[in-house]
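Biologist: I have a model open and would like to learn how to read it. Could we go through it together?

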Amino acid sequence: MSRLIACWMRRVGRCTAALLVPLLMVTAAYGAEVGSYRGGRIDPQAPAVMVVPQGHNAAAFYDGVRRSLYAPGVTSIQTPEANVLIQSEGNTWRQIRNGPITVWGGWLILAVMVAITLFYLVKGTIKLHEPTTGRKLLRFTVYERLVHWVVAISFVLLALTGLSLLFGKHLIEPIFGTSVNAALLWVAKNVHNYTGPLFGFFLVLMIVRWAKDNLFTSVDWLWAKKFGGLLSGEEIPSGRFNFGEKFWFWVGVTVLGLTITVTGLILDFPLFGQTRQDMQLAHIFHASAALFMIAMAFGHIYIGTIGSEGSLEGMKTGYVDEAWAKQHHAVWYQEITGRRQ
Ligand code: HEM
């Protein structure tokens, strides 16, 4: 019996030890960390740190960790920077993100919205100069419309969720509170992360499909010089796409769209050895390009809907009226019908 008890006590002892040892190690590690001991090593060079209760986020302590007041941590994880607990450049990134990107980006979006509203109030919708003929011309195939609408719908979703992620703290939280903002942002983040690759894939299909028709030709310069007659009301001839559309295609869709896509994939899939600094740079490019593209997209969406009579019909049904084709794309009209104005 006494041997049994002794054995049991030894076991309990082992169990207790098994529980106590890690507990003690964690406590020691925490205590020692504060006293310049990290990752199982004592740094003799580290200055003594006085532990002062600092509330739940212990900002001063973590600032010490960030400024490497303690010995570098040791970990068996093999990813880059795995032993860097707090990366200093993160603070610079945060200041850029919460400073210029949020502030200037916000003003840019607002300025474009005001400019388009004023333009609409002053100029109104560009009307057709001649009555519709009822004769229709094929402007976009089913494939082109499918690609366009997948890109358009996913872009709008990405823009809405992306803007919530950037401005939610300033616009949603003060009105609806922290919990509502947090819940909305959780949804926004997930929608954003999953919609991004879909947008990128269809964006590439769009670029491949329309690149040829968006190459610049000599007629485009007249359109550019006269700003497409948007102010004077003149009819400026153009091919299948005019200079304004080509500018949107190359600068907005191709350069900004691809920048957003590539940087978005770097952020979405941090599995290829990206460091935190790579991700921070990717984020700055991603957010800046997205804000410029959203600003440009306002112009495109305006002119494709209430800005110009008959434009949306082409993208909705695939067909446009001859009167619309003659007025807005005279060179294209001539090419496909063989008729002059
Ligand atoms: C969501 C709202 C949108 C609407 C209502 C809209 C509407 C239109 C319309 C009506 C056209 C035909 C114009 C014509 O016949 O010449 C068009 C063309 C086009 N759209 Fe959109 N669009 C939207 C969003 C987008 C987005 C988000 C993108 C790209 C990211 C985009 C890229 C294009 C391109 C590339 C063209 C062909 C003209 C060109 O090459 O510039 N659209 N759109």
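Biologist: What is the make-up of the shell around the ligand by class?

Modeller: Ala, Val, Leu, Ile, Met, Phe, Trp, Tyr, Cys and Pro count as nonpolar, Asp, Glu, Lys and Arg as charged, and the others, Gly among them, as polar. Here the shell has 14 nonpolar, eight polar and two charged residues. This is a predicted model, where local features need pLDDT of at least 70, side-chain atom pairs count only at pLDDT 80 or more, and totals for chains, interfaces and linings use all residues. Residues are numbered from 1 along each chain as its sequence is written.

Biologist: Which residues are closest to the ligand?

Modeller: A residue is near a molecule if its C-beta atom, placed from the backbone, lies within 6 Å of it. The ligand is surrounded by 24 residues, the closest being Ala 152, Phe 155, Glu 245, Gly 304 and Met 315. Elements giving two or more residues to this shell include helix 6 (178-210), helix 8 (243-268) and helix 9 (276-304). Helices are DSSP runs (H or I, at least four residues), numbered from the N terminus.

Biologist: How do helix 6 and helix 8 cross?

Modeller: Axes are lines fitted to C-alpha atoms over the stretch in contact, with angles from 0 to 180 degrees between N-to-C directions. For helix 6 and helix 8, the axes come within 9 Å and cross at roughly 145°. The residues of their contact divide into eight nonpolar, seven polar and one charged.

Biologist: And helix 3 with helix 9?

Modeller: The axes of helix 3 (residues 89-123) and helix 9 come within 10 Å and cross at roughly 0°. Therefore helix 3 is roughly parallel to helix 9 (angles under 35 degrees count as such). Their contact has 15 nonpolar, seven polar and three charged residues.

How values were computed
Angles under 35 degrees count as roughly parallel, over 145 as roughly antiparallel, 65 to 115 as roughly perpendicular and the rest as oblique.
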